[in-house]
Amino acid sequence: MTIEHPQRVAIIGGGGRVGLPLGLVLCEAGHTVTVIETNTAVIETIQSGTMPFDERGTKELLPRSLASGRFVFSSEESDLSQQDIIIVTIGTPVDEYLDPDVRAFDRVIESVLQRMRDGQLLMIRSTVFPGVTERLGRQVTDKERRIDVSYCPERIAQGYAIEELTKLPQLVSGCSEEATIRATDFFSDLGVKTIELSPTEAELCKLFTNSYRYINFSISNQFYMTAQHYGADFTRIHAAATQDYSRMNGFAKAGFAAGPCLLKDTMQLASFNHNLLPLGQHAMMVNEGLPRFLVDQVMKTQDLRQATAGILGMAFKGNCDDSRSSLSYKLKKILTLECKTVLCTDPYVPSSDLVPLERVLSESDVLFVGACHDEYRDITSPKPIVDVFGFLRTEKE
Ligand SMILES: NC(=O)c1ccc[n+]([C@@H]2O[C@H](COP(=O)([O-])OP(=O)(O)OC[C@H]3O[C@@H](n4cnc5c(N)ncnc54)[C@H](O)[C@@H]3O)[C@@H](O)[C@H]2O)c1
């Protein structure tokens, strides 16, 4: 792919899970990308030609970008006036009260604005609280700055960013017509379809998407618990309900619904709606309650006090190295209270706390699937295995 209008693009948070794949794709397309990243260890890793995390398709892309001379690095406080577009991809967490930490975002934006010049496009790509973009647009106008402010949320699934960035339709919005046109042109140049919304609509669209998925997973997790109460097999019920019956295509499998975005974004939406999002809040209770439910089920038939429990997979999802907000760690905490020993393994997550799979299999009295890594698909064991995902291959398959 070659773009018609190469631009100079700075990415604030350019070493992160969203920022880095985006930078690589933009560089590959012909833009000049400046990575602005506070984590110096991450910068060193990238500069050495190694990805700081797993992302399909980056093995060749990263060295190619570095060799192009159009993939460069700059410090947090660097001058941004030489750029055409500044894209913000920093984290936007909720605090300990499940409220969005807007102040941290504001602080970064304040510093970014000071280093920008008039005529530039500021594109917010982090998932933000509804109203943040319009407010930013007003701040810029109040300061009599002529900076175009747009919000174009990232919608990739971690691990598939390189493929999805040039395939998924891109939501674009701007605080002015000019900002919207510039953002639209930028993504159209990459060959992706664009869908125009107002900034608040785009903010809500992103939050609705993640909340919808989170609530949807909770339905299946609730049904899983119901099936368990009655000694029925949820996986068999799910297979029957979805077989040749397209009306149930959206019926998710049960499993840990976690990670850095789904719960956080559902809580952002609740917070926006005066803390009233009963479906989202109930979804949190169901999804976050699942690890305790699984342990309680085991304890009905097995005394765990002298037992060793093993967890297969600590990442928040299968075939992924990201353990942020993974429910496997919540499961580990509960098992640590109930069992003598807890052993955890994961082929992707880098952590000194983990032990080899073979040890977990041989020493555990009960096993829990924590993440659906392909490596586990054919595991069998004489010990009980709790597989809430219905992931392990059964004899009939
Ligand atoms: N991870 C995903 O799959 C995904 C998908 C869609 C949207 N999002 C959203 O994108 C945003 C970023 O998520 P992420 O997973 O990439 O987070 P991340 O923590 O992986 O990346 C953020 C990066 O920003 C850096 N950073 C923080 N402050 C900075 C500053 N002042 N200057 C420069 N760099 C700074 C951090 O060191 C980090 O490397 C969040 O709003 C998230 O909700 C994430």
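A cavity is a set of grid points where a 1.4 Å probe fits but cannot get out. The structure examined here is a predicted model, and a search of the whole of it finds 2 cavities of 30 Å³ or more.

**Cavities**

The lining of the largest cavity includes Gly 91, Thr 92 and Pro 93, together with Val 128, Phe 129, Val 132 and Gln 268. Helix α4 (residues 102-115) supplies the largest share of this lining, 3 residues. Pro 100 and Asp 101 also line the largest cavity, as do Val 102, Ala 104 and Phe 105.

The second largest cavity is lined by Arg 125, by Pro 153, Glu 154, Arg 155 and Ile 156, and by Glu 164, Leu 165, Leu 168, Pro 169, Gln 170 and Leu 171. The elements that give two or more residues to this lining are α6 (161-165) and β7 (170-174).

**Sheet**

An open sheet is formed by 4 strands, with parallel pairing and the order β10-β9-β11-β12. Strands β10 (341-345) and β12 (385-386) each have a single partner strand and stand at the edges, so one side of each is left without a neighbour in the sheet. The pairing of β11 (residues 366-369) with β12 is parallel and runs over 2 bridges. Within this pairing, Leu 367 has Ile 385 of β12 as its bridge partner.

**Helices on the sheet**

Two helices that lie across strands of this sheet are α11 and α12. Helix α11 (residues 278-299) lies across β11 and β12, and runs at about 155° to β11. Helix α12 (residues 327-338) lies across β9 (308-312), β10 and β11, at about 180° to β9.

These helices also pack against each other: the axes of α11 and α12 are 9 Å apart, at an angle of about 35°. The crossing of α11 past α12 is right-handed. On the α11 side, the contact is made by Asn 287, Glu 288, Pro 291, Arg 292, Val 295 and Met 299. On the α12 side, Leu 327, Lys 330, Leu 331, Ile 334, Leu 335 and Glu 338 take part. By class, the residues of this contact divide into 7 nonpolar, 1 polar and 4 charged.

Technical notes. Residues numbered from 1 in each chain as written. Predicted model: local features only at pLDDT ≥ 70, side-chain atom pairs only at ≥ 80, totals over all residues. Heavy atoms only, no water. Pairing = 2+ DSSP bridges. Contact = heavy atoms within 4.5 Å. Axes fitted to C-alpha atoms, helices over the stretch in contact; angles between N-to-C directions. Left-handed = near helix turned anticlockwise from the far one by under 90°. Nonpolar A, V, L, I, M, F, W, Y, C, P; charged D, E, K, R; others polar. 1 Å grid on protein atoms, 1.4 Å probe; cavity = no way out; pocket = protein on both sides within 12 Å on 5 of 7 lines; lining within 4 Å. Points joined across faces, edges and corners; volume = space filled by probe spheres on them.
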